[in-house]
Amino acid sequence: MEAENNEGERPKTAGDQDRFEAIVNLSKRRGFAFPSADIYGGMRSTYDFGPLGTLMLRNIKEAWWRSIVRERDDVVAIDAAIITNPKVWEASGHLQTFVDPLVDCRNCHERWRADQIEGVCPNCGSSDLTEARPFNLMFKTFVGPVDDESSVAYLRPETAQGMFVNFLNVMTTMRRKPPFGIAQIGRAFRNEITPGNFIFRMREFDLMELEYFVPPADAEKWFAYWCDERMSWYRRYGIPDRLLRFHPHAPEDLSHYSAQTSDIEFLYPWGWGELEGIANRTDYDLTAHSEHSGIRLEYFDQSTGERYTPYVIEPAVGTTRVMMAFLVSAYDEDEIGGERRTVLRLHPSIAPYQVAVLPLSRKEPLEELARDVLRRCNSTFMCEYDDTQSIGRRYRRQDEIGTPYCLTVDFESLNDGEVTIRERDSTEQIRVPIENVVAELRDRIEA
Ligand code: GAP
């Protein structure tokens, strides 16, 4: 389970607070994330992702999938059930230990995580708090029509267990031997006591997890390897080094399953906080499931007679934390031709739209030509077509949502068959023949 950095909850300076609020406002105003069920007043700390947020989250998953699954030959993926047999959570230790310390304020009756508030209620300032008691973060539900103890099930708080209980299925059907990995992207649910900081801590979120099974003697080597790999991934998608660091966990902060954990931390507007966790889970989970199920979850090499329970190295990260980090590191305000602009300097593979097609006029024959340009581009890139308002305002709108390239179709295009490519960060413009546009953009966009 995530170890918390209390430094995390409040912005460090007024400037950071303003910047954070600007990002939250932009996200709501431009359709990245809306308070959930807004028309009923929302639901505390719960968000629905709008059209741009949905595109960005898809791109984040795709970028992770690309580096973890597609570009490797030692990782396969699964898609396991969310409502899992409760025996899984008994064996994994989540029923007993997936808990946070809960305290009640006797004055205002708010509830808090004891380790986040240093003995004082953040709501009313009272220090008249109850003793801390363990609160299990798993959401409980009932399977079938009868609400009794025999039908209790839990929504998964991590996707990892789906990979452990399918270890043998995957290893045998895919003819694998350690080192090899199983990856999964899927919904996870945690009844967090105090969610917050916009989309940083949510009660439901998508997890991207890799369980990488290795010979026990090689675990330390692979742990270091995955720390490097994952840090490089953030750099590859444009997060600068000054906003990233490793935070190795002290032995007393380790989760119940971990022998070694290092977080990749990000400098959020409120301070350093966890972005991703990388853990050496040892053989804890496979051994626990072997004991509880009676099925030996081991690797056995028939040719050598070698038999062992693999150790597991696990990089795990939530998509919404990654989105938050990308938004924070990309948000910028600058001046173009004496005019202030807001710009999201997102990596082209992460930005909601890669291309915006902007005809200078709505009238024919320009519209027909612009629609042709759109058709050429939209099988390769996510595109937006915008023919409203002045061209300057349309550029500003695209800058604000991070679109790296605008294609302007003007009256000259009708004569010379060329369009203008306008680059978001430099605002530079070049003319390119329409038949070369897709190739030209592909060269620039591909990471
Ligand atoms: N299987 C290991 C595991 O789940 P974790 O540190 O509890 O480890 C992994 O969670 C990652 O999931 C975190 O590093 C963070 O990116 C994300 N995460 C955890 N709790 C979250 C929450 N309430 N809201 C959003 N993301 C969360």
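Close-up 1. In β11, Asp206 is the bridge partner of Arg187. The model shown is a predicted one, in which local features need pLDDT of at least 70 and side-chain atom pairs count only at pLDDT 80 or more, whereas totals for chains, interfaces and linings use all residues. Residues are numbered from 1 along each chain as its sequence is written, and side-chain values use heavy atoms, with hydrogens and water left out. Strand β10 (residues 180-189) and strand β11 (residues 204-214) run antiparallel and are joined by ten bridges; strands here are DSSP runs of E with at least two residues, helices are runs of H or I with at least four, and both are numbered from the N terminus. Two strands are taken to pair if DSSP finds at least two bridges between them. The open sheet has seven strands in the order β3-β10-β11-β17-β14-β13-β12, with mixed pairing. Its edge strands, each pairing on one side only, are β3 (75-77) and β12 (244-248). On average, neighbouring strands of this sheet are turned by 25° against each other, direction ignored, where axes are lines fitted to C-alpha atoms (for helices over the stretch in contact) and angles run from 0 to 180 degrees between N-to-C directions.

**Close-up 2. Helix α10 and its residue Thr319.** The twelve residues of helix α10 (residues 319-330) should span 16 Å at 1.5 Å a residue, and the end C-alpha atoms are 16 Å apart, which agrees; the expected span is 1.5 Å times one less than the number of residues. Eleven of the twelve residues of α10 are buried, so that the helix is mostly covered, buried meaning under 20% relative accessible area, exposed over 50% and partly exposed in between (1.4 Å probe, protein chains only). Among the buried residues are Arg321, Met323, Phe326 and Ala330. Thr319 lies in this helix and counts as buried because its relative accessibility is 1%. Leaving aside neighbours within four places in sequence, Thr319 is in contact (heavy atoms within 4.5 Å) with Leu57, Ile60, Lys61, Asp206 and Met208.

**Close-up 3. The surroundings of the ligand.** The ligand is surrounded by 23 residues, of which the closest are Glu158, Glu192, Glu209, Glu274 and Leu275; a residue is included if one of its heavy atoms lies within 4 Å of the ligand. A nitrogen atom of the ligand lies 2.8 Å from a backbone N or O atom of Met202, and a nitrogen atom of the ligand is 3.4 Å from an N or O atom in the side chain of Arg281. A polar backbone atom of Gly318 is 3.0 Å from an oxygen atom of the ligand.

**Close-up 4. Strand β22 and its two partners.** Five of the five residues of strand β22 (residues 405-409) are buried, so the strand is largely enclosed by the rest of the structure. Both of its faces are covered, with Tyr405, Leu407 and Val409 on one side and Cys406 and Thr408 on the other. Strand β20 (residues 355-359) runs parallel to β22 and is joined to it by five bridges, with Leu358 opposite Thr408. Strand β23 (residues 418-423) runs antiparallel to β22, joined by four bridges, and here Cys406 stands opposite Arg422.

**Close-up 5. Val437 in helix α14.** Val437 is found in helix α14 (residues 437-445) and is buried, with a relative accessible area of 2%. Leaving aside neighbours within four places in sequence, Val437 is in contact with Cys377, Leu407, Val419 and Val432.

How values were computed: A polar contact is a pair of N or O atoms within 3.5 Å; within protein, one must be able to donate a hydrogen and the other to accept it, and residues adjacent in sequence count only if both atoms are side-chain atoms.
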